[in-house]
Each structure stands twice: as structure tokens, then as C-alpha cells.
Amino acid sequence: MLRKIIKTTVIVIASLLLLLIVLPVAFKGQIVERVKYEINQNVNADVDFGTFRISLIRNFPNVSLRVNEVKVVGVDEFDGVPLADIGSFFVSIDLMSLIRGNGYEINTIRLDDPKLNFKILTDGTANWDIAIVEEDAPERPEDAEPAAFQLTLQRIQIRNGHILYHDDYATTYITADNLNATMRGDLTQDLTTISTRNATIGAFSLRYDKMPILSRVAVNLTATLDADLNNFMFTFRDNRLRLNELPVRFDGLFGMPEEGMLMDFTFGAEQSEFRHFLSLVPAVYAKDFESLQTSGTLQLDGFVNGMFTEDEIPGFGLNLAVENGRFQYPDLPGAVTGVQIGGSIVNPGVDADLTVVDVPVFKMNFAGNPVDARFNLKTPVSDPQVDAALTGRIDLSQVENFYPLDPGESLSGIITSNLEARGRLSSIEAGRYREFHAGGRLQVQELDYVSEALPLGVKIKTADFRFRPERMSLDAFESSFGESDLNATGSIDNLLGYLFDGQLLRGSFETRSAFLNLNQLMEQIPEDETPSDEPMQLSVIKIPENIDFSLRSRVQNLVFGEMEISGVNGRLRIGEQQAVMDNLRMNLLGGNLVLNGSYDTREELPEVNFGLNINGFNIQETFNTFNTVQVLAPIGRYATGSFSSTLQLNSVLDENLEPLLETLSGQGSFRSSSVVVENSPAMVKLADQLRLDLFREIPVRDLSLSFRFADGKVDVDPFDIRFGQSRAEIAGSSYFDQRIDYVMQVQIPREQFGTQANQVLNNLVGRAADRGVNITPGETVNLDVKIEGTFTDPEVSFHLAGMMDDVGEQLKGEVDRLIRDAEDRVREEVDRVRDEVEERVEETIDDARERAQEELDRRADQVIQQAEQRAEQIRREGKRAADAIRQEARDQAKKLEDEASGPIAKAAARRTGEALIREADRRADQVEAEAEANAQRIIDEAKAQADRIRAGEE
């Protein structure tokens with residue numbers, strides 16, 4: 001008995017363990033699909049995930065759940081915008097809490113490689129507000145007892161997170177890369193403590209509107225906060241925050257009452273050394289910051305206090321003061337000295353338009369090069385009022401004395417500035433430029449910069465910018481890079497309106513260059529930006545709505561890829577989200593090109609619409625240079641010579657600026673005074689089958705053709721070519737996938753046929769004779785050639801074109817014989833009927849003379865009636881003969897077409913048959929007309945006789 005109990009117990013335990021292992025696997029598919037369905041039914045987003053794993057053994061007595069590749073994508077106004085893309089989601093739940101059913105005790109939630117993308121539109125709509133609210137759900141009474149169901153959470157962990165916060169409503173933008181944090185706390189209690197230790201962000205950036213505040217700053221945070229989860233209030237205490245090398249203290253509270261967010265924070269730098277503030281400057285922090293020698297004092301503090309709602313913002317303030325700042329790298333002779341910064345950002349709250357940004361002092365000396373600036377901004381929302389100035393002179397050759405340059409890097413030149421702006425944006429908007437004081441000059445002289453990334457260097461001999469309220473003008477710009485040079489002049493209108501209010505920016509420039517080597521420019525792109533095992537790809541360039549630029553360019557010589565281009569001259573206009581080329585001329589590929597057209601980015605994918613006028617291009621160079629030519633004209637691979645062309649082309653481009661072939665359409669013409677097609681696969685096959693080498697190399701003079709392309713196909717209109725003493729008419733279609741369908745009607749002098757070619761010709765003649773058609777080739781042999789298959793593997797067939805014509809002549813002779821026989825039968829019948837009628841009419845007249853006068857009228861009518869009957873009989877006989885002629889011709893035409901083989905022979909037979917039918921119809925109409933004339937003559941004679949009878953004359 002005991003043994004049986006032990007055995008039963010062992011079996012039960014083993015079965016339970018087996019179920020714990022097998023069930024999550026056995027029903028994995030059903031679980032995954034059901035979970036996906038339930039989630040998507042309860043959120044206003046598209047949710048999906050990859051592999052799914054449940055384990056009751058791994059963390060027993062806890063249940064562990066892991067879901068990989070979790071994706072949440074928005075819909076409606078956030079259509080296609082990802083909210084979350086989580087590499088792995090892990091949760092550990094107490095098993096007994098699942099069994100009890102009155103709540104879940106979650107031990108750990110962990111997110112691995114999460115990418116979270118939070119967006120708020122200008123109307124305040126947030127993309128994370130995806131929960132579907134049931135409008136008909138009953139409201140919970142205020143005095144109702146809390147539900148027995150509880151959810152507890154002990155630990156949340158994020159590893160290698162990436163967070164983007166894009167708030168258009170508050171014009172605040174945050175990115176946080178490489179986020180690693182662990183948060184602990186018992187979220188079961190209404191009052192609890194939540195803590196995090198050494199949470200880090202590899203690169204943190206903060207931008208308010210267009211003003212960068214922090215850029216890729218390393219963050220380390222240790223914080224403890226007391227949480228009142230019942231009222232959703234959080235009080236921060238024992239907090240340590242480090243931004244790069246700057247330690248910051250902060251304390252206060254954050255709450256979320258029924259509407260809005262309550263904030264009451266104070267913060268400030270824990271230490272007063274200028275060095276720590278300097279670490280927030282990315283360029284300085286990245287260069288041997290540990291060895292940097294610094295001095296000077298820092299004061300940094302601020303606050304946030306008030307409610308943040310749809311109608312108001314909290315008050316905030318930031319104060320910054322740097323006194324006697326100085327820093328020097330130990331191995332360099334020069335230093336940056338005299339750093340004086342005083343500034344503040346203040347807003348009393350409620351209205352963002354009350355914000356005042358004031359930086360009255362910003363001074364520093366770069367190794368003997370002083371820079372002095374100030375900046376003040378008021379009413380930034382309604383009507384920005386600015387007062388700013390920048391003066392200074394920097395000798396760039398001195399930079400290496402106070403800032404360590406990279407190996408291979410050198411810099412020289414002089415930059416001087418004397419700029420100021422003072423006034424309201426409304427004055428600019430209204431065109432009252434006198435009310436807005438803005439002016440100054442920025443000059444660059446003899447700038448020379450070389451680095452490992454730019455080994456050829458960039459040189460600016462001079463650049464002279466002048467500023468006025470309504471316009472920034474570029475009076476002179478002379479530069480060179482490697483072998484290339486570029487000069488420019490021009491102006492930009494409404495720069496301030498564009499910067500402050502996003503208004504239309506207008507500009508006009510003229511550029512000139514003696515030589516541009518674009519290959520050298522592309523070679524200077526750093527290798528780490530383009531992986532060596534992948535080709536560099538272009539991407540869609542969206543043209544902004546609020547830009548209207550006109551560019552006139554002249555380039556004497558230009559190198560791009562294998563192309564050497566000269567005489568570039570034309571106008572480019574950028575506006576209304578389009579780039580329009582106007583009469584852009586250039587010399588290349590042995591000829592010249594005139595280009596007109598547009599690049600349009602108003603839709604999601606850009607569209608191009610170009611008109612090209614080509615004159616004298618080299619065929620081989622053109623084919624090898626342009627992929628589009630290889631698609632439209634694959635014959636170019638085997639052609640040599642030069643050509644001229646007009647081409648109208650329209651296409652939508654993909655993300656890499658490659659034409660989408662299904663949208664490619666247009667038309668054009670091709671002209672060449674001399675072109676040679678050599679070893680084309682189709683012509684080589686035709687040469688092999690005919691034993692005629694003249695098709696292996698076809699020299700053509702005065703070639704002219706027209707074509708159209710759309711829906712993946714190029715249609716070529718019929719055109720004539722002459723090569724040697726031969727000629728051909730060609731027409732057909734080729735497809736973008738290299739399929740071809742062409743017809744050639746070739747005329748070859750008989751004298752060009754050698755022994756083998758004559759044998760082929762004799763075989764064709766014998767084949768015609770077997771079909772009852774006798775053909776004797778004349779001095780010229782006519783061939784119908786059909787070319788199908790693909791361009792590289794064509795299928796070629798041909799027939800004697802004269803064969804169908806000879807059959808037609810034989811059939812035409814047969815129809816002529818039938819027509820003559822029918823005409824003879826009709827004439828004989830007409831004569832017989834006429835003689836019979838005349839004889840009976842005479843007999844009737846003789847009888848009438850013997851009868852009484854009262855019988856004259858009756859008999860006269862009878863004469864007419866009989867004549868009409870005979871006339872109708874003549875008409876029937878004529879129609880019967882004519883119908884026989886018509887039917888015979890149609891039967892012969894059908895027989896001719898049925899016996900023909902191949903599309904070319906059938907087409908020739910059809911044309912011959914139609915000619916036979918037309919000739920037969922003409923002859924039949926003549927037969928009917930002759931019968932009608934004879935019938936009418938009999939009736940007329942009978943009527944005349946009847947009149948004489950009635951008159952007693954006969």
C-alpha cells in the first residue's frame with residue numbers, strides 16, 4: 001500500500017513538473033495570438049512582438065515572462081510613428097499571486113535596448129495617450145470601497161535605453177542615449193520611498209525652441225524620493241546629479257493633481273569652480289579635460305515653481321555668472337583668459353511670453369584675440385524684441401597655441417566681426433526696416449584649413465558679409481579646395497524674419513568656377529561615416545516651404561565620376577518645395593546638353609520631370625555613364641558613334657533617389673549621322689541563320705527614329721535604315737526587364753548572297769513551292785524578320801516577304817477568271833431574257849391590234865407588268881452572280897490567311913486577302929450595275945410600247 005502511494009506521488013509530481021515545462025511551449029502559439037489580439041483591442045495603436053517565452057522553472061516560485069521585439073506604432077495623426085521599439089521585455093511575477101487571483105506581485109520589470117519616442121503636437125496631443133476609454137463605462141461612486149485587486153511592483157530596470165522627447169507644444173526637445181537605470185520601491189503602499197543609484201545617460205541633449213541648452217552631456221544621477229501614490233506627489237531628497245564634471249544639487253517636489261503638473265524645484269552648482277562649468281562645452285570636454293589647467297569662479301542656480309497646464313506655465317529662473325575664467329592646456333603656450341559671463345533667464349509664470357533672456361556680459365580673450373558679445377530677448381512669443389551685438393577679431397593661426405589640434409590638422413586666417421541688431425520682429429514683418437537697427441560686417445581673410453578628414457584643405461581667400469535689417473549681402477567670396485575653386489556673390493532677404501518667425505527666406509546668388517573636381521570633395525568624406533563594405537547611397541532631400549532661392553552658376557570645367565564636363569551655365573531656382581533647372585547648359589560625353597526640368601518634393605517621395613536636348617553625345621560613353629540609358633536603350637552596349645536626342649522624362653524617385661521604373665515615362669527622338677552596331681546578339685543570330693556576315697556589323701547613316709516609354713516598355717515607331725546596299729524598316733518594343741519584340745522588313749541585293757546564303761534562300765523557295773507557291777527571287781531578296789525573347793538571348797525567325805505577294809498574285813488571277821466567267825454568264829442571261837421579252841412584246845402587240853379598242857389599255861398595262869417581271873428576274877440574276885464573286889474572293893482570302901504560318905506571313909496574307917476582297921466587290925458592283933441598266937432599259941421600252949398601244953399607233 002505504501003509503495004503504491006509513493007509510486008502515485010512520484011508520478012503526480014513528475015507530471016506536474018512536465019506540465020510546468022511543456023504547457024508554455026505547447027500552447028505558445030495560441031497564447032501569443034490571443035495576447036496580441038487583446039492588446040490591440042484595448043489600445044489605439046498597432047502592437048506587435050516577436051518570440052514569447054514563459055517559464056515556471058527558471059525563477060520558481062516566480063513565473064518569468066520574456067517577450068522579444070515589442071513594437072508599438074501610432075495611428076491616426078501619429079500614423080507610422082513608432083512609440084516603442086523594445087528589444088526585450090522581461091517580467092518576474094510571484095506564482096502564488098497568480099493563483100490567488102486578487103492581485104499581481106511583480107518582482108522585476110526589465111527593458112533591454114528600448115527605444116522610446118514620445119511626441120506632443122502643437123495642439124497638445126500626445127502619442128502615448130493610446131488607451132481606449134469606454135464612454136459607457138459606469139463611474140465609480142465616491143464612497144465606494146476600493147477594489148480588492150492590487151498590483152505591487154518592486155523593481156524596474158532599463159538597460160541601454162534610447163529616449164526621444166519631442167514636444168512641439170512647449171517647444172522642448174530632449175534626447176537621451178545609452179540610458180541605464182534601476183528603480184526600486186514598494187509601489188504597493190500609498191506612501192513609499194523610491195530610489196535609484198548611479199543611473200547614467202551616455203549623451204543627454206536639451207533644446208528649447210531653437211536654443212541649445214545642453215549638448216550630448218554625460219549624466220549620472222542618484223536620487224531618493226518620497227512618493228504619495230494616493231495623491232501622486234513626489235518629494236525629492238538626498239539627490240546627487242552630475243552633468244559631465246558639474247555637480248548639481250536639487251530638491252523640491254513634483255506632483256500631478258487632477259489637472260496639470262505642480263513643480264517646486266530649486267537647483268544650483270554645488271561647487272564654484274569655473275572648471276566644472278567648462279566641462280559642459282563639448283569641444284573642450286572632449287580634449288584632454290583631465291589635464292586642463294583652469295581658474296575662476298562660477299555661480300549657477302535656478303528654480304521652477306508653479307503649475308504647468310494647457311493655459312499656464314510655471315515660473316522659472318536661471319542665473320549664471322563666471323568671473324575671471326581662464327583655462328590652458330599644459331602643453332600649449334597660449335591660454336583663454338578674461339572669461340566673463342553674466343546671464344539670466346527669468347519668467348514669473350503663467351505666460352511664456354513673459355520670458356526674458358538677458359546676457360549683458362560675454363567676454364573672453366583667445367590668446368590675444370578678444371571677443372565681446374551681449375544678448376537680450378523679450379516677448380519671445382508674441383513679438384520678439386532683441387538687442388544683440390558681437391565684436392571681435394580672431395587670428396586662426398593662434399588657435400593651436402591655446403587649443404590642441406588633431407594630428408595633421410592646421411588652421412590659419414583672420415576672422416573679424418562687428419555685428420549688432422536691435423528692435424522688434426513686427427517691424428521686420430511690416431517692412432518698417434528703419435525701426436529695426438541691424439548692421440555690421442563679418443569678414444574672413446586668407447583662411448586655410450587642413451585635417452585628416454580634409455587632406456586637400458579648404459582655403460577662403462576672402463569672404464565679406466554685410467548685414468542690414470532687410471538683407472544680408474555676400475559682397476565677395478573666393479575659395480578653393482584641392483584643385484577646385486569657387487567664387488560667389490549674392491544676397492539673402494528677410495533673414496531675421498526667417499530666424500525668428502519662420503517667414504519666407506529669399507535669396508539670389510551667382511557662382512563662378514574655373515574648375516570643380518567633385519570626386520575630390522566626395523573623397524574627403526570621413527571613411528567612418530560610410531562603411532567600406534557598403535556603397536554610399538543618396539537620400540531624399542526635402543526642400544523647405546519657406547525658402548525661395550535663385551542661383552546662377554557658371555563653371556568652366558567640372559569633373560564628376562568618369563565624366564569631364566565643361567561650359568556649365570544655367571539657373572537653378574529653389575522654391576515652393578521644388579528645385580527648377582532653367583536652361584542649364586553643359587558640354588560632356590563629346591557633345592553638349594541643355595537641361596530643363598524640376599525636382600519636386602511636395603509629396604512623400606520626390607518626382608522629377610526633365611526635358612533634355614542632347615547634341616553629339618558619344619554612344620558608348622553615354623551608355624556606360626547613365627543607368628537609365630541602359631534600361632531604355634540596351635542596344636547602346638553594341639553601338640558606336642555619336643548621336644543627338646530630345647528626351648522628355650518623368651519619374652518618381654525612391655528613398656535613394658533612384659527612379660522607380662514602374663513610374664518612369666516619357667518620349668523622345670534619336671538622330672545620328674553615322675552609327676555602327678556590331679555583334680548585337682539578335683543580329684549575330686540572324687547572320688548565323690542566313691549565312692550572311694553583313695548583319696554582324698551594321699554601319700548606318702542618317703538614322704532618325706522616335707520612341708515612347710511607359711508602363712515598363714519602350715515603343716519604337718517604324719524607321720528606315722540603310723547599310724551598304726541593303727535597307728530595312730524596323731519597329732517594335734523593348735521592355736525594362738530586357739524583353740524585346742521587334743519586326744524587320746529587310747531588302748538585300750541578291751548579289752550579296754554567297755554559296756551558303758544561296759542555299760538558305762533555295763530552302764526558303766523550296767518551302768514555298770511545297771505550299772503550291774512558285775517564287776523566283778529577283779535581283780532583290782525581301783525578308784520579314786521577327787525578333788523576340790530577351791536582348792541577351794533573342795529568338796530570331798524569318799520568311800521570304802515575296803512569298804505572300806506571289807500567292808496573292810495567283811489568287812488575284814483566279815478571282816479575275818471567276819469575275820470574267822460571271823460577267824459572261826450575266827451577259828448571256830441578259831441577252832436571252834431581252835430576246836424573250838422582245839419576242840413576247842411583239843406577239844402581244846400583234847394580238848392587241850386584232851382585239852377591240854377596249855382591250856388596248858388592259859393589254860398595255862399587262863405589257864408593262866410583264867416587262868417589270870422580266871426586269872426583276874434580270875436583277876436577281878445579276879445579284880446572284882455578284883454575290884458569287886464576293887463570296888469566292890472571301891473564301892480565297894480566308895484560305896490564304898489560314899495557310900500562312902507566323903505573325904509576319906499572316907499579316908502579309910491578311911493584306912493580300914483584303915486587296916482581293918476589295919477588287920471582287922468592285923467587279924460585283926459593276927455586274928449588278930449592268931444588270932440594273934439592262935432591266936431599266938426593258939421597262940422603258942415596254943412603257944414606250946404601251947403608250948403607243950394606248951394611242952392606237954401600234
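These legends walk through several close-up views of one predicted model.

Local features are described where pLDDT is at least 70, side-chain atom pairs count only at pLDDT 80 or more, and totals for chains, interfaces and linings use all residues. Residues are numbered from 1 along each chain as its sequence is written, and side-chain values use heavy atoms, with hydrogens and water left out.

**View 1**
Strand β7 covers residues 155-167 and strand β8 covers residues 172-184, and the two pair in the antiparallel sense over ten bridges. Strands here are DSSP runs of E with at least two residues, helices are runs of H or I with at least four, and both are numbered from the N terminus. Two strands pair if DSSP finds at least two bridges between them. Look for Leu164, whose bridge partner in β8 is Thr175. Four residues separate β7 and β8 in this hairpin, and Thr171 in the turn has a positive phi of about 50 degrees. Asn160 has a positive phi too, near 55 degrees, though it is a residue other than glycine. Asn160 lies in β7 and counts as partly exposed, at 29% relative accessibility. The cut-offs for relative accessible area go like this: buried is under 20%, exposed is over 50%, and partly exposed is in between (1.4 Å probe, protein chains only).

Ser417 has its place in strand β20, residues 410-424. Ser417 is buried, with a relative accessible area of 14%. Setting aside residues up to four places away in sequence, Ser417 touches Leu390, Thr391, Gly392, Arg441 and Leu442; a contact means heavy atoms within 4.5 Å. Glu446 lies in strand β21, residues 437-450. Glu446 is exposed, with a relative accessible area of 51%, and has a positive phi of about 55 degrees although it is not a glycine.

**View 1. Helix α12 and what comes after.**
Helix α12 (residues 681-690) is mostly covered, with seven of its ten residues buried. Those buried residues are Pro681, Ala682, Met683, Val684, Leu686, Ala687 and Leu690. Just after the helix, Arg691 takes a positive phi of about 60 degrees.

**View 2. The largest nonpolar core.**
This core has 67 residues, and the members that touch the most others are Phe695, Phe709, Val746, Val785 and Ile787. A nonpolar core is a set of buried Ala, Val, Leu, Ile, Met, Phe, Trp, Tyr and Cys residues joined through side-chain atoms within 4.5 Å. Strand β34 (residues 697-710) gives the most to this core, with six residues. Beyond its neighbours within four places in sequence, Val746 is in contact with residues including Phe695, Phe723, Val781 and Val785. Another core, of 63 residues, lies apart from this one, and among its members are Val72, Leu243, Tyr329 and Tyr403.

**View 3. Aromatic pairs.**
A search of the whole structure finds twelve aromatic pairs. Rings of Phe, Tyr and Trp (its six-membered ring) pair if their centres lie within 6.5 Å; planes under 30 degrees apart count as stacked, over 60 as edge-to-face and the rest as tilted. The rings of Phe366 and Phe402 have centres 5.5 Å apart and planes at 40 degrees, so this pair is tilted. Phe366 sits in β17 (residues 356-366) and Phe402 in α6 (residues 399-402), so the pair ties together parts that are 36 residues apart in sequence. Phe366 counts as buried at 17% relative accessibility, and Phe402 counts as buried at 8%. Phe695 and Phe723 make a tilted pair as well, with centres 5.9 Å apart and planes at 55 degrees. Both Phe695 and Phe723 are buried. Elsewhere, Phe236, Phe250 and Phe265 form one aromatic cluster.
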